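The sequence and model come first.

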Amino acid sequence: MNKTWKKIAAVAMAATMTVGFGAFSVFAEEEAAPEKVTVNVAYMPDYASLNGLISAIELGYFEDENIDVQLTEFSDGPTIIQAMESGSIDVGYIGQGAHKLCINGKADIFALAHVSNGDAVIGSKEKGTDTIEGLKGKTIAYSSGTSSEDILKKTLDKGGLTMDDITAMDMDATNIVTAMLSGSVDACATWVPNSLKILQELGDDGVKLTDNKTFIDQTVSLASWIAMPKYAEENRDVLVRFARALYKGFDYRADHNNDDEVCGWIADKIKLDKQTLLDQVNVADWTTSDFVRNNMDDIKGYYELQQKAFVDSGDCEETPVDNYVLFDVMEEACKE
């Protein structure tokens with residue numbers, strides 16, 4: 001029985017139950033439906049950003065919460081935060097690099113999306129960048145303020161280098177792919193799906209120098225859902241409802257029997273080959289509502305470790321993670 005028919009059957013059963021002088025609904029003691037709201041949502045055109053979101057949309061979980069979702073595509077987290085500051089976006093998805101802006105008070109985190117291993121620094125044998133040390137003096141494409149910059153700096157440090165030792169070319173994610181494949185740069189720092197595409201196209205010439213797991217002893221690469229502090233303060237109930245629907249989408253996505261369907265939905269949305277999306281289903285440790293319910297201490301530890309890395313690199317000053325991570329919203333959204 002599909003979801004719609006289940007609802008119809010439940011209503012019919014309620015209508016036939018009688019107690020005393022009249023009809024008695026089994027829903028009489030339930031709270032009234034929440035107020036209808038429109039939420040302007042920012043996403044990135046990839047599997048990591050869309051898997052839970054698109055599942056929640058397609059399966060009607062946002063409708064259950066009386067939320068009308070309006071989607072807008074962006075290329076990176078810092079740009080999403082800028083749009084939030086202008087008031088055009090209410091909630092959005094960010095990768096690792098943009099979290100430093102949250103630590104600095106620009107936005108609040110209300111849902112952990114996943115622990116990522118999708119970022120990579122990629123070199124070329126032909127260009128002599130097949131080792132970290134070989135990056136010295138080379139031209140490297142990256143995207144400032146994102147997880148691309150974060151992993152590039154860590155990679156350089158691992159080889160005893162700094163940004164001053166390379167020619168750093170700041171560009172958006174799409175241009176990084178073009179620059180690397182055309183040979184106009186010697187190496188690059190980017191994220192899935194671009195990293196997968198570059199390695200596939202370069203073939204034997206491409207070398208993945210580092211990824212997130214390379215630095216697991218130093219930090220953890222997180223993706224999160226965020227809102228402006230003012231919006232979060234004034235619309236806490238909306239964030240709980242949004243996160244509840246989102247985590248139901250995460251739970252559906254977590255069953256790999258649903259991979260083909262979920263990737264098909266995403267492919268239709270962003271006009272990308274479904275197989276390219278299927279190649280991305282194992283690039284992160286995907287969060288579920290069950291994980292949030294049972295591992296909140298670990299989640300707090302993730303954000304503390306992440307902040308420490310940003311503080312150590314000089315990007316942020318130390319602050320309690322509770323100042324910008326709304327753990328109470330996550331917990332309420334994932335209650336059984």
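Tyr 43 stands opposite Glu 73 in strand S4. Strand S3 (residues 37-43) pairs with S4 in the parallel sense, over seven bridges. Two strands count as paired if DSSP finds at least two bridges between them; helices (H or I, at least four residues) and strands (E, at least two) are DSSP runs numbered from the N terminus.

The model is predicted: local features need pLDDT of at least 70, side-chain atom pairs count only at pLDDT 80 or more, and totals for chains, interfaces and linings use all residues. Residues are numbered from 1 along each chain as its sequence is written, and side-chain values use heavy atoms, with hydrogens and water left out.

- Six strands form this open sheet, in the order S4-S3-S5-S12-S6-S13, with mixed pairing.
- Its edge strands are S4 (67-73) and S13 (284-286), each of which pairs on one side only.
- From one strand to the next, the twist averages 25 degrees. Axes are lines fitted to C-alpha atoms, for helices over the stretch in contact, and angles run from 0 to 180 degrees between N-to-C directions.
- Helix H4 (residues 77-86) packs on the sheet and touches S3, S5 (91-94) and S12 (222-227), where contact means heavy atoms within 4.5 Å. The direction of H4 makes about 165 degrees with that of S5.
- Helix H14 (residues 296-312) lies across S6 (108-116) and S12, and runs at about 90 degrees to S6.

**Five-stranded sheet**

- Five strands form an open sheet in the order S9-S8-S10-S7-S11, and the pairing is mixed.
- Strands S9 (167-170) and S11 (206-211) are the edges, each pairing on one side only.
- The twist in this sheet averages 25 degrees from one strand to the next.
- Strand S7 (residues 119-124) pairs with S11 in the antiparallel sense over five bridges. Gly 123 stands opposite Val 207 in S11.

**Cavities**

- The structure holds two cavities of 30 Å³ or more. On a 1 Å grid over the protein atoms alone, a cavity is a set of points where a 1.4 Å probe fits but cannot get out, and a pocket is an open set with protein on both sides within 12 Å along at least five of seven lines; lining residues have an atom within 4 Å of a point. Grid points are joined across faces, edges and corners, and a volume is the space filled by probe spheres set on the points.
- The largest cavity has a volume of about 250 Å³. Of its 25 lining residues, Tyr 93, Gly 95, Asp 119, Ser 147 and Trp 191 are the closest to its centre.
- Helix H2 (47-58), H4, S6 and S12 are the elements that give two or more residues to the lining of the largest cavity.
- That lining divides into eleven nonpolar, eleven polar and three charged residues. Ala, Val, Leu, Ile, Met, Phe, Trp, Tyr, Cys and Pro count as nonpolar, Asp, Glu, Lys and Arg as charged, and the others, Gly among them, as polar.
- The second largest cavity holds about 70 Å³ of space. Its lining includes Asp 119, Ser 147, Lys 154 and Phe 215.
- Helix H6 (residues 147-158) gives the largest share of the lining of the second largest cavity, four residues.

- The largest pocket has a volume of about 580 Å³. It is lined by 24 residues, of which Pro 45, Pro 193, Asn 194, Lys 197 and Leu 272 lie nearest its centre.
- Helices H7 (173-182), H8 (194-202) and H12 (274-278) each give two or more residues to the lining of the largest pocket. The largest share, five residues, comes from H8.
- The second largest pocket contains about 380 Å³ of space. Among its 15 lining residues, Lys 153, Lys 154, Asp 157, Ala 309 and Ser 313 lie nearest its centre.
- H6 supplies the largest share of the lining of the second largest pocket, six residues.
- By class, this lining has four nonpolar, three polar and eight charged residues.

**Aromatic pairs**

- Rings of Phe, Tyr and Trp (its six-membered ring) pair if their centres lie within 6.5 Å; planes under 30 degrees apart count as stacked, over 60 as edge-to-face and the rest as tilted. By this rule there are eight aromatic pairs.
- The ring centres of Trp 225 and Phe 242 are 5.9 Å apart and the planes are at 50 degrees, so the pair is tilted.
- Trp 225 lies in S12 and Phe 242 in helix H10 (residues 236-254), so the pair ties together parts that are 17 residues apart in sequence.
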